Amino acid sequence: MNIMFFITPKKDVISVSDKDNLKTVLKTLNEHKFSSVPIVNAEGNYLGTVKEGDILWYLYQQSSFDERLMETTNIMDVPRRTTNITAKVDANVEDLLHLLISQNFVPAIDDSNIFIGIIKRRDVISYAYDKIKSDESYMEDFFHAKKLSR
């Protein structure tokens, strides 16, 4: 199965610009109740994902939560503690599952590093759950095997 089945297209993804300041990014995170958001430049390239913790640690290290600092600091000046690994459009689902173990979403890019959307952990788990639930014998075997392994 191709990962494109799970993609939320970029037109439906909330992202921030590499030109945005901390205040704008925090406002975006707050308005949408997100803990992280992709950063995309004007050319459409995926540049990374910023997490609210990245911003918090940056402000802590600056010893300031001053609004002026947040207005004058570009989001690209904030170090990111982890890197969200991307998936190319031709990736397989097994690779995707491996990435979703440690990421809430996987940014999807094309061969030119152009951001095309995200694949959300929730969507993949929901799909797998529906597939498993539709095959009751599989569910029985799965839970029986779990009991035997204890």
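This is a predicted model: local features need pLDDT of at least 70, side-chain atom pairs count only at pLDDT 80 or more; totals for chains, interfaces and linings use all residues.
Which residue stands opposite Ile 118 in β7? Thr 8 does.

Start with the overall plan. The protein chain has six helices and seven strands. From the N terminus, the elements run β-β-α-β-β-α-α-β-α-β-β-α-α. Of its 150 residues, 35% count as buried. Take the contacts between residues at least 6 apart in sequence: 53% of them join residues at least 24 apart.

Now the sheet that holds β7. This sheet is open and has four strands, in the order β1-β7-β6-β5. Its pairing is mixed. Strands of a sheet pair through backbone hydrogen bonds, either parallel or antiparallel. β1 (7–9) and β5 (87–88) stand at the edges. Each has a single partner strand, so one side of each is left without a neighbour in the sheet.

Follow β1 into the sheet. β1 and β7 (residues 115–120) run antiparallel and are joined by three bridges. Thr 8 faces Ile 118 there, and Pro 9 has Gly 117 as its bridge partner. Gly 117 is also the bridge partner of Ala 108. β6 and β7 pair in the antiparallel sense, over five bridges. The two strands form a hairpin with five residues between them. In this hairpin, Asn 113 takes a positive phi near 65°.

Next, the helices on this sheet. Helix α4 (residues 93–100) lies across β5, β6 (105–109) and β7. α4 runs at about 135° to β6. Helix α5 (residues 121–134) lies across β1, β6 and β7, at about 50° to β7.

Look down the axis of α4. Which of its residues are buried? They are Val 93, Leu 96, Leu 99 and Leu 100. The face turned away from the buried side carries the exposed residues Glu 94 and His 98. At the start of α4, a side-chain oxygen of Asn 92 comes to within 3.2 Å of the backbone nitrogen of Glu 94.

Turn to the other sheet. This open sheet has three strands in the order β2-β3-β4, again with mixed pairing. β2 and β4 are the edge strands, and each pairs on one side only. β3 and β4 pair in the antiparallel sense over five bridges. Within that pair, Ser 36 stands opposite Lys 51 in β4.

Helix α1 belongs with this sheet. α1 lies across β2, β3 and β4, running at about 135° to β3. In α1 (residues 22–32), the buried residues include Leu 22, Val 25, Thr 28 and Leu 29. They cover an arc of only 130° around the axis, which puts them on the same side of α1. What covers them includes β2 (16–17), β3 (36–40), β4 (46–51), α2 (52–61) and α3 (67–72). Lys 27 and Asn 30 are exposed, on the face turned away from the buried side.

Both ends of α1 have a detail to check. At the start, a side-chain oxygen of Asn 21 reaches to within 3.1 Å of the backbone nitrogen of Lys 23. After the helix comes Lys 33, whose phi is positive, near 60°.

Finally, the cores. How many residues does the largest nonpolar core have? It has 14. Those with the most contacts inside this core are Leu 22, Val 25, Val 37, Val 50, Ile 55, Leu 59 and Ile 75. α1, β3, α2 and α3 each supply at least two residues of the core. Val 50 shows how these parts meet. Leaving aside neighbours within four places in sequence, Val 50 is in contact with Val 25, Ser 35, Ser 36, Val 37, Ile 39, Ile 55, Ile 75 and Arg 80.

A second, separate core has 13 residues. Among them are Ile 3, Ile 7, Leu 100 and Val 106. Leu 100 is one of the buried residues of α4.

How values were computed. Residues are numbered from 1 along each chain as its sequence is written. Side-chain values use heavy atoms; hydrogens and water are left out. Two strands pair if DSSP finds at least two bridges between them. Contact means heavy atoms within 4.5 Å. Axes are lines fitted to C-alpha atoms, for helices over the stretch in contact, and angles run from 0 to 180 degrees between N-to-C directions. Buried means under 20% relative accessible area, exposed over 50%, partly exposed in between (1.4 Å probe, protein chains only). A polar contact is a pair of N or O atoms within 3.5 Å; within protein, one must be able to donate a hydrogen and the other to accept it, and residues adjacent in sequence count only if both atoms are side-chain atoms. The arc is that of the directions from the helix axis to the C-beta atoms. A nonpolar core is a set of buried Ala, Val, Leu, Ile, Met, Phe, Trp, Tyr and Cys residues joined through side-chain atoms within 4.5 Å.
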